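Good morning, and thank you for coming. I would ask you to keep the sequence and the structure in view while I speak.

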Amino acid sequence: MAVMQYREALNLAMTEEMERDDRVFLMGEEVAEYNGAYKVSQGMLDRFGEKRIVDTPISENGFAGIGIGAAMVGLRPIVEFMTFSFSYVAFDQLVNNAANMRYMSGGQFNVPIVFRGNSGIAGNLGATHSHRPEALFAHFPGLKVMMPSTPSDAKGMLKAAIRDDDPVIFIEHENLLGDKGDVSEDPDFVVPIGKADVKREGSDVTIITYSRSVITSLKAAEKLEEEGVSAEVLDMRTIRPLDLDAILNSVTKTHRAIIVEENWPYCGIGAGVADRIYRAAFDELDAPIQRVTAKDAPLPYNRRLELDMLPSVERVVEAVNQVLYR
Amino acid sequence: MAHAQTEAKPIVEREQALDWLRQMLVIRRFEERSAMLYQRQKIGGFCHLYSGQEACAVGSIGVLRDDDYVITAYRDHGHAIARGMEPRAGMAEMLGKAAGCSKGKGGSMHFFQADRNFMGGHAIVGSHIPLAAGFAFASKYRGDEKVTLCFFGDGAMDQGALHEAFNMAGLWKLPVIYVVENNLMSMGTHLHRHSAVLDLTRRGGPPYGFPGVAVDANDIEAMAEVTLEAANRARAGEGPTFIEAKTYRYRGHSMSDPMKYRTKEELEKARERDPIALYEVVLRERGWVDDESLELMQAEVKELIDEAIRFAEEAPEPELDEVYTDITVSPYIPQE
């Protein structure tokens, strides 16, 4: 175990996997000589050379497609989007080519690729640079979507993504990059795709969440504990495929659930998760599920307005109180 | 009689030349019978026929190595057959059968055959052009000297994906050959109405640091020659080549296209330089074919396509649970 930042954990995951498998390479804007726009790939050019750490022009659609092509013929690319807001320029490659290739070819070609980069409502970035793309990508059969909330998960989940034989959309959070935590230095430490994690045990209510909202939810759970409410915080970790068993286990125990996400509410992750819970465990629920989301507006530049958009500790506590009829 | 254009000095052996002629006949017959099956509603969806453009695919794919990569757009039947796909596998795909080349999940626009490195028909215009650069990137990464041959239509010249991929292919000197099959029509929009510059060799290669060469693609051996030069360049590490194959399609953009944007005269004029008829003249002049051998070849091709249609019609439909297979390599969990 070592204490390291979330960004360092991502770096370690890529470094270990590149040492392990020479088919793995990293490609993206400013990943090599600049050492990463967010310093996630710091030092990797020196270690692996320009053949395997590849700076690209600002051509997201083009290099996403090049990565998919390379993956179809057996390489295992990691394609970095400087932020996932820029993945929208590459939407066609991700949803038409990466997601469908195996199906359209009747199983003849698969696409072992990881698209990774940060996202989120990160601070004064305005509407174009604050996207949360997980609901969009989770919509597509053929894609897997992962979102780590801690340095340990960042490492273990990214390693699983790189080793996977299917396309993985791996979405980090810009505001978590500097977070520190214990991380295993075991090169075989992997967090499997599709496994949720109870980040805090509780008995009165389940807070289902992911990415930065896990941190917000844990703070809310502490506050609730002071008021005598025992909240379980369940980190989904993988958005698609959903770990429905973990969610149902928790909800069957607490009989109350809220879902917290930084996404917009309509057709957001919580909408899909709530639907699954209602259809699988309606009788277990003692209250309607409540959702805490970003407000349904484009992201404003103004910091005060932006903070008001975000799921806050207060809004999480309020939603818990609603399902507890407090 | 059509006038032979090809160089007097053959670039291929007799056996190769006859095989190319035969492949073009197979493609033509496959397409014309597909049109009939479409009209009888045996084939659904969108169906884009290759009739008139056969020499582009056969001449260029014909000079590749077996381990090279071939990728194309949605007008893909001809390229698949030229790459060695059995007509029965293509026909079964068109009829949506489990025995089809993509198990009935791809359809006319999405033919694939991995064991021939036929990397697909791709139906979003321009979207496969970066994929081709990706295969070439992998070849360079591995140092395996494979070449990628990528086809698209003149409509794809106007897509951003082409610009991005061409720039990176040129920047990194990737071993890829880009062939625009300029049939003068971007669906129903004539070249002069969709391209600011009519000479596509000025748009395609030089702006990205690699050569652009135009070729009369009704002349199959000319097509073969420029492709072979480009392949040699690519294998020598000298980077991409852009080839403008000047061609013409006899059918509409797709089967649902009434072709009101062109005159009967224009079509008739194009047919005078039919690539198959031209090559027959060349091969007669060389003494490699005569009436008797051509008739025999036609009869064999007819039987091959008849058999492909019989096979496709008799082949079973996919089982309903096939809808959930071939989505991911790991066990697939439907989110329902």
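Chain A of this predicted model falls into two domains, domain 1 covering residues 2-183 and domain 2 covering residues 197-323. Taken over C-alpha atoms, the centres of domain 1 and domain 2 of chain A are 26 Å apart. The contact between these domains draws 22 residues from domain 1 of chain A and 24 residues from domain 2 of chain A.

Which elements of domain 1 of chain A give two or more residues to the side that touches domain 2 of chain A? They are helix H6 (134-138), strand E6 (144-146) and helix H7 (151-163) of chain A. By class, that side of domain 1 of chain A holds 11 nonpolar, 7 polar and 4 charged residues.

I turn now to the contact between the chains. Chain A contributes 38 residues to this contact, and chain B contributes 34 residues. On the side of chain B that touches chain A, the elements giving two or more residues are strand E2 (118-121), helix H5 (129-142) and helix H6 (160-171) of chain B. Which element gives the most to that side of chain B? It is H5(B), with 9 residues. The side of chain B that touches chain A comprises 18 nonpolar, 12 polar and 4 charged residues.

Next, a pair of helices within chain B. Two packed helices are described by the angle between their axes and the distance between the axes. For helix H1 (residues 14-39) and helix H11 (residues 275-285) of chain B, the angle is about 155° and the axes are 10 Å apart. Because angles over 145 degrees count as roughly antiparallel, H1(B) is roughly antiparallel to H11(B). The crossing of H1(B) and H11(B) is left-handed.

Which residues make this contact? From H1(B) come Ala17(B), Leu21(B), Met24(B), Leu25(B) and Arg28(B). From H11(B) come Pro275(B), Ile276(B), Tyr279(B), Glu280(B) and Leu283(B). Of the residues in the contact of H1(B) with H11(B), 8 are nonpolar, none are polar and 2 are charged.

Finally, a word on confidence. The model has an ipTM of 0.97 and a pTM of 0.97. For chain B, the average pLDDT is 95, and 97% of the residues score at least 70. Where pLDDT is low, the predicted coordinates should not be read in detail.

Methods:
Residues are numbered from 1 along each chain as its sequence is written. Chains are lettered from A and ligands numbered from 1 in the order in which they are written. This is a predicted model: local features need pLDDT of at least 70, side-chain atom pairs count only at pLDDT 80 or more; totals for chains, interfaces and linings use all residues. Axes are lines fitted to C-alpha atoms, for helices over the stretch in contact, and angles run from 0 to 180 degrees between N-to-C directions. Helices (H or I, at least four residues) and strands (E, at least two) are DSSP runs, numbered from the N terminus. Angles under 35 degrees count as roughly parallel, over 145 as roughly antiparallel, 65 to 115 as roughly perpendicular and the rest as oblique. A crossing is left-handed if the near helix is turned anticlockwise from the far one by less than a right angle, and right-handed if clockwise. Two residues are in contact if their C-beta atoms, placed from the backbone, lie within 7 Å. Ala, Val, Leu, Ile, Met, Phe, Trp, Tyr, Cys and Pro count as nonpolar, Asp, Glu, Lys and Arg as charged, and the others, Gly among them, as polar. pLDDT is the predictor's confidence in each residue, from 0 to 100. Domain bounds come from an automatic or database domain assignment.
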